[in-house]
Amino acid sequence: MGESSVKTLETRTDVSSPVVVETETRPESDRALLTRLRVPRRPRIWFEILLIAVSYWTYSLIRNAVPEQKSIALANADWIWGVEKTLGIAVEQSVNHAVNSVTWLIVGMNYYYATLHFVVTIGVLVWIYRFHPGRYAATRLVLFATTGVALVGYYFYPLAPPRLMNGQNFIDTVLVHHTWGSMASGNLKHMSNQYAAMPSMHIGWSLWCGLTIFAVASAPWARILGLLYPTATLVVIVATANHFWLDAVGGMICLAFGYAVSRTWYGSMPHRLPRHPEHTGPHPASDLLNRVRTRR
């Protein structure tokens, strides 16, 4: 009887021990997976094109789906204008009228506003992808997080641009000079939310471009151009009456949030990561998917 008791205890111990081991090792496995996910990897061109296309489509869909609360947006614009007057920085109208008097200059700014916002941003992404692949994912995350948090601003704080304010005599330069391309004026205005001026993603994106170029480029002239680009963009968004100065501040805050997200995830600022990623094997997500298929 004593022998059977011993055997029973041994059997129970043998059966229960694997469960204990599995419970203890699962958190370590999860931590290892998380660590691998945070390691910068060489980007894949097909995935990046698909990701950027889907992300921008989703961003545009959500931004334009935000209700155009005209009365609230106009009231918020009046409040912003009042704050800027109190601070002594309400010079947007003077800049708008002064630049509008120089036809070639304002026409150039209209096309700048409509095109470079996309062209330069995509160009910087391609440049980082091609020549700094180890920093690409972290740099891209900054841009995505910046754009994502901007949607929150569009939803909770509808804001009319200066050109749509009542009784302030701002000039809608696209309408006056019949220039092409702006999604905010003319025949294309119904394709874009007119009251999503805060924060300014023209500033958020252009400053992202400028800081990325300044931090990564080695040629002095390229670094100087990197800093000049967001500066010129700031002048353009004000001269064309598409944004207030404070909209630009909102864009800067969103960008700071984007850098904080990237820094938290990757443990370093993008430009401090290795230029070329180390070989780390298959992507953790693919590896996990393969293991699930194998178990089935």
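Ground rules. I am working with a predicted model, where local features need pLDDT of at least 70, side-chain atom pairs count only at pLDDT 80 or more, and totals for chains, interfaces and linings use all residues. Residues are numbered from 1 along each chain as its sequence is written, and side-chain values use heavy atoms, with hydrogens and water left out.

Whole protein. I found 11 helices and zero strands; helices (H or I, at least four residues) and strands (E, at least two) are DSSP runs, numbered from the N terminus. Of the 296 residues, 40% are buried, where buried means under 20% relative accessible area, exposed over 50% and partly exposed in between (1.4 Å probe, protein chains only). I looked up the accessible surface, which comes to about 16,800 Å², with 66% of it belonging to carbon and sulfur atoms; the areas come from the Shrake-Rupley method with a 1.4 Å probe, and for residues only the protein chains shown count as cover. Among contacts (heavy atoms within 4.5 Å) between residues at least 6 apart in sequence, 84% join residues at least 24 apart.

Helices H5 and H6. I noted that H5 (residues 103–131) packs with H6 (residues 133–156) at an angle of about 150 degrees, their axes 6 Å apart. That makes the pair roughly antiparallel, since angles over 145 degrees count as such, under 35 as roughly parallel, 65 to 115 as roughly perpendicular and the rest as oblique. Axes are lines fitted to C-alpha atoms, for helices over the stretch in contact, and angles run from 0 to 180 degrees between N-to-C directions. The contact residues include Thr121, Leu125 and Ile128 of H5 and Tyr136, Thr139 and Leu143 of H6.

Threonine 139. I placed this residue in helix H6 and found it buried, at a relative accessible area of 5%. Leaving aside neighbours within four places in sequence, threonine 139 touches Ile128, Trp208, Thr212 and Pro270.

Leucine 116. This one sits in helix H5 and is partly exposed at 27% relative accessibility. With neighbours within four places in sequence left aside, leucine 116 is in contact with Tyr111, Thr121 and Tyr229. I also noted 9.8 Å between the C-alpha atoms of leucine 116 and tyrosine 229, which are 113 residues apart along the chain.

Asparagine 242. I found this residue in the loop between helix H9 (220–239) and helix H10 (245–266). Asparagine 242 is buried, with a relative accessible area of 6%.
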